[in-house]
Amino acid sequence: MKNKNMTYLDTVHRDGTIWNLIVMVLLLAFPVLVAVIFRAAPDWQGVLLGLLSTAPMYWAVGVIEVISFVPMLGAGGSYLSFVTGNISNLKLPCALNALESHGVNPQTEEGDIVSTISIAVSSIVTTVIIILGVILIIPLTPILKNDLLEPAFAQLLPALFGALGVVFISKHVKIAIAPIALMLILFIFVPFINTSTVGIMVPVGVLFTIAVSRILYKKGIL
Amino acid sequence: MGEFNVNHPILFVLVGIILAVVLAQSVYFLVKSYRRAKAIGMDMKKIKKTILTAAIFTIAPAISIVVTVIVLADSLGLALPWLRLSVVGSLSYETVAAAGAASGMGTTLAALADNMNASQYVSIATVMTLSIMVGIWLVPLISKRLQKGLVSFEQKDKRWSDILQGSLFIGMISAFVGYVFSDVSRLWLSEGGVYTVTEKIQQTGETVSVNYTSTSGLVPVCVMAVSAISMVICGLLMKKLGWKWLNDYALPICMILGMASAIPFTALLGGKI
């Protein structure tokens, strides 16, 4: 397996590719195995119509997510994140926080290591907590779906991005003004841009910010 | 195998096997990167702190994922939501995909809830699996080239490369800042203090109309403010009092404070009526 000419990052890409392909095959095997075990063919018309209603948008968003998240997550972090999911609400903030406290860039080897470690730990903890949740579902349901706690869980994202926003916006005030103004206008005044479309608005925000930064940079303002 | 039901033990065995592999991947990469950090002489004390911080930070979001599993389990059983939310998924994706598959079969998740058959289950699982299956193969395909491009870019113009990295972060954060304000418009769109929306019920995918108080859209804004102010205070404590240790815990602390503040804010400003 070892190849002397490979850099550390090359081995990350090689191992990541192998792992992701294994997981992909397993995920595809799940519906197939259920079908075989219970001798039940899928309702192909339902599958087709279901896919038509979801896949075009999800696939487009998926492609844009890969392009916009990979540069922030680093190599190892990307392979893990796109398997374990919950990227923008968990893995990416976790990695950003770690990169920030080490003062490293995810494109460097150190940055890749820090990002990978934080995302791996986050994935392990998430998986274990969900397992505990599934095992303890009966005693947990009344606690977690309790009227008192429900508002707290409903506001996880504002609580997360308030704190994270302060850290990053204070460092990049000039970069942040235009995209934040744009997003506020879009989210407040455009009815079809709402809480359920934030997944699409992340890449929009990223592309817009890069464009504005490039202009400001060329004009010597940044 | 006996008769199918959405909580059949064999489903848990299948999900368990897949998640064991996913867990193994995370452990593999943790060990690999940890060893590499040691080998190139990184500060291992700091690495250990990173591990601790990541673990603590993850707890609250992970519990909120458990809540989602519970919500979806009403109609899909426990096994499928458990799999989907441990791997790739998120609440909004999974609900829409499952509801889309159900409506493709001429029914709704609500109608299926008590008596879903194996064929319907397989169809829903297939749609949910195929819909989100992009990143998992696209990352191996393009991430290496993408990163090489970024690195060579960085060597050409270091300053712009730093700005680009900052822009990526800010771009993502700005979308979520906007998101927090998305329901503020209820203030002026309400009639008689009540704002009515048609919403999809997460468990079933059915649409119903729901009433909110006109001030309910301010709750996330206030929560974000509490969390942001807490972070500013943490920053001051670190700078003025030299509380360096706080650096590792600031994000989870501020997040929990923000979430806790949601309880009184929701009581005060209202939510669903």
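Analyst: There are 2 cavities of 30 Å³ or more in the structure. A cavity here is a set of points on a 1 Å grid over the protein atoms alone where a 1.4 Å probe fits but cannot get out; points are joined across faces, edges and corners, and the volume is the space filled by probe spheres set on them. The largest cavity comes out at about 80 Å³. Its lining (residues with an atom within 4 Å of a point) draws on Cys94, Asn97, Ala98, Ser101 and Ser118 of chain A, and on Thr50, Thr53, Ala54, Phe57, Asn247 and Asp248 of chain B. H3 of chain A, plus H2 and H11 of chain B, each give two or more residues to that lining. Helices are DSSP runs of H or I with at least four residues, strands are runs of E with at least two, and both are numbered from the N terminus.

A caveat on the source: this is a predicted model, where local features need pLDDT of at least 70 and side-chain atom pairs count only at pLDDT 80 or more, while totals for chains, interfaces and linings use all residues. Residues are numbered from 1 along each chain as its sequence is written, chains are lettered from A and ligands numbered from 1 in the order written, and side-chain values use heavy atoms, with hydrogens and water left out.

Thr50(B) has a relative accessible area of 5%, so it counts as buried (under 20%; over 50% is exposed, in between partly exposed, with a 1.4 Å probe and protein chains only). Setting aside neighbours within four places in sequence, Thr50(B) is in contact (heavy atoms within 4.5 Å) with Ala98(A), His102(A), Val114(A) and Ser118(A). Of these, Ala98(A) and Ser118(A) also line the largest cavity.

Then there's the second largest pocket, with about 700 Å³ of space. A pocket is an open set of points with protein on both sides within 12 Å along at least five of seven lines. Of its 22 lining residues, the closest to the centre are Glu100(A), Val167(A), Gly235(B), Met238(B) and Asn247(B); Asn247(B) lines the largest cavity too. Helices H3 (87-102) and H7 (156-171) of chain A, and H2 (44-76), H10 (218-240) and H11 (246-269) of chain B, each supply at least two lining residues. H10(B) gives the largest share, 6 residues.
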